[in-house]
Amino acid sequence: MDFFEPRINADNAPFWEGCKAHELRFQRCKRCGKVRWPAAYLCPECLSEDTEWVTLPNRGTLYSYVVMQKPFHPSLAEKVPYVIAEVDLAEGVRITTNMFDCDVSALKCGGEVAIDFLDSETYSRPIAIWKGASE
Ligand SMILES: [Zn+2]
């Protein structure tokens, strides 16, 4: 079974197109420079509609996480236990993503993660890969 599909709309479509190309693309306000996620019609800082898309590096730091002992969706049943991670990217963007096949006991907030992509026929989704604690 494939994962449940994201809800793709006019605002977030460029993000999902970037994922197909294995790039993290986010909106940046052309007035104030705020990079934002989730995608939105207006900048939450200055309410400008003037937006451009930028590509951020495929790496970040683990802000927080939970270990799921029961699957959120039937498609995740074989992944249990799996991690839902909050990852801080460059320019202040924080994304929620999955982290599979990692040693849960080794995870530490503030550690490094890389962002890879899990491809399916219709879309690709970002997946965090644990790179280790920076000590
Ligand atoms: Zn703005």
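Helices (H or I, at least four residues) and strands (E, at least two) are taken here as DSSP runs, numbered from the N terminus. The model is a predicted one, so to speak of local features takes a pLDDT of at least 70 and side-chain atom pairs count only at pLDDT 80 or more, while totals for chains, interfaces and linings use all residues. Residue numbers start from 1 along each chain as its sequence is written.

Start with the sheet. Three strands make an open, antiparallel sheet in the order E2-E1-E3, where pairing requires that DSSP finds at least two bridges between two strands. E2 and E3 sit at the edges with a single partner strand each, so one side of each has no neighbour in the sheet. E1 (residues 24–29) and E3 (residues 51–56) share six bridges; among the facing residues, Phe 26 has Val 54 as its bridge partner and Arg 25 stands opposite Thr 55. On the other flank, E1 meets E2 (residues 35–36) over two bridges, with Gln 27 partnered by Arg 36. The hairpin of E1 and E2 has five residues between the strands, and Gly 33 there takes a positive phi near 85°. Helix H1 (residues 13–20) lies across E1 and E3 and runs at about 150° to E1; axes are lines fitted to C-alpha atoms, for helices over the stretch in contact (C-beta atoms, placed from the backbone, within 7 Å), and angles run from 0 to 180 degrees between N-to-C directions.

On to the packing. A nonpolar core is a set of buried Ala, Val, Leu, Ile, Met, Phe, Trp, Tyr and Cys residues joined through C-beta atoms within 7 Å; buried means 20 or more other C-beta atoms within 10 Å, exposed 12 or fewer, and partly exposed in between, with C-beta atoms placed from the backbone. The largest such core has 18 residues, and Ala 85, Val 87, Met 99, Val 113 and Ala 128 have the most contacts inside it. E5 gives the largest share, four residues. Domain 1 (7–56) and domain 2 (57–135) both contribute, so the core lies between them; the bounds come from an automatic or database domain assignment.

Trp 37 and Pro 38 are joined by a cis peptide bond with omega of about 5°, and Pro 38 lies between E2 and E3. His 22, not a glycine, has a positive phi of about 60°; with 13 C-beta neighbours inside 10 Å, His 22 counts as partly exposed.

Terms used:
Contact = placed C-beta atoms within 7 Å.
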